[in-house]
Amino acid sequence: MKPPSDAEAAFRELFEASYDDLLCFVERRTHPAVADDVVAEVFLTAWRRFDDVPDTLSDARAWLFTAAHHTLRNRQRSEQRRQNLTLRILREPDDPGHAEADEVAARVDLTRAWNRLPVKDQEALTLTVFEGLTGAQAAALLNISRPAFSLRLLRARRRLHRLLRPHLDARMPEPQPPAHPTTAAGVSA
């Protein structure tokens with residue numbers, strides 16, 4: 001064990017003798033942007049565990065390189081775990097959070113579209129969709145002919161569809177053409 005004052009001087013000597021070589025060692029194995037952080041982490045570990053650092057400069061440098069190697073491996077494992085977690089989150093579209101968010105967005109879109117419909121269109125859709133009336137029953141309730149109600153209902157559906165279409169198109173993935181067009185015989189063209 002080194003006395004405290006000798007430990008600080010010995011650490012300073014080790015730092016000055018090893019920093020550049022250790023930085024080059026780390027930069028060859030990782031992105032230069034993180035190399036300084038790794039080296040700082042290694043020297044911090046060396047300071048905390050200075051009793052474990054060998055007394056000779058040559059052996060102490062080897063200890064630092066070994067610590068740097070372990071630090072790099074730990075960082076790589078952490079980065080791999082983070083990437084795996086990100087991929088797992090992206091692959092889980094059935095996540096209740098996504099489904100709930102999609103459902104809320106769909107309701108907001110529907111409410112906005114509904115409010116933009118004329119009252120006659122809302123009435124025709126309400127009678128058939130929410131009240132469950134047949135076309136003949138709804139026509140009788142509105143005191144119009146059945147063909148007139150059918151035409152009103154058709155127009156209401158089209159208007160609602162047009163109002164919702166931009167929102168539906170934004171949520172639907174673009175259809176992809178087949179990678180290799182095939183003929184009727186199944187032979188690639």
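Threonine 128 lies in helix H5, which spans residues 119-130, helices being DSSP runs of H or I of at least four residues and strands runs of E of at least two, numbered from the N terminus. The model is a predicted one, in which local features require pLDDT of at least 70 and side-chain atom pairs count only at pLDDT 80 or more, whereas totals for chains, interfaces and linings use all residues. Residues are numbered from 1 along each chain as its sequence is written, and side-chain values use heavy atoms, with hydrogens and water left out.

With a relative accessible area of 17%, threonine 128 is buried, a class defined by a value under 20%, with exposed meaning over 50% and partly exposed the range in between (1.4 Å probe, protein chains only). Residues up to four places away in sequence aside, threonine 128 touches Leu133, Phe149 and Leu153, a contact being heavy atoms within 4.5 Å. The buried residues of H5 are Asp121, Gln122, Ala124, Leu125, Leu127 and Thr128. Just after this helix, glycine 132 takes a positive phi of about 75°.

The protein chain as a whole contains 7 helices and 0 strands. Of its 189 residues, 24% are buried, and among contacts with a separation of 6 or more, 59% are between residues 24 or more positions apart. The chain exposes about 14,000 Å², of which carbon and sulfur atoms supply 55%, the areas coming from the Shrake-Rupley method with a 1.4 Å probe and, for residues, only the protein chains shown counting as cover.

The largest nonpolar core has 22 residues, and those with the most contacts inside it are Leu22, Val26, Val42, Val53 and Leu64; such a core is a set of buried Ala, Val, Leu, Ile, Met, Phe, Trp, Tyr and Cys residues joined through side-chain atoms within 4.5 Å. At least two residues of this core are supplied by each of helix H1 (4-27), helix H2 (32-48) and helix H3 (57-91). A second, separate core of 14 residues includes Ala124, Ala156, Leu160 and Leu163. Valine 26, one of the residues with the most contacts inside the largest core, touches Ala35, Val38, Val39, Ala68 and Leu72 when residues up to four places away in sequence are not counted.

The structure also holds 7 salt bridges, each a side-chain nitrogen of Lys or Arg within 4 Å of a carboxyl oxygen of Asp or Glu. In one of them, the side chains of aspartate 21 and arginine 61 meet at 2.6 Å, N to O; because aspartate 21 lies in helix H1 and arginine 61 in helix H3, this pair ties together parts that are 40 residues apart in sequence. Aspartate 21 is partly exposed, with a relative accessible area of 36%, as is arginine 61, with 24%. A salt bridge also forms between the side chains of arginine 75 and glutamate 41 (3.4 Å, N to O), and since arginine 75 lies in helix H3 and glutamate 41 in helix H2, the pair ties together parts that are 34 residues apart in sequence. Arginine 75 is partly exposed at 33%, and glutamate 41 is partly exposed at 34%.

A further salt bridge joins the side chains of glutamate 123 and arginine 152 (3.8 Å, N to O). This pair links distant parts of the chain, with glutamate 123 in helix H5 and arginine 152 in helix H7 (residues 146-171), 29 residues apart. Glutamate 123 counts as partly exposed at 34% relative accessibility.
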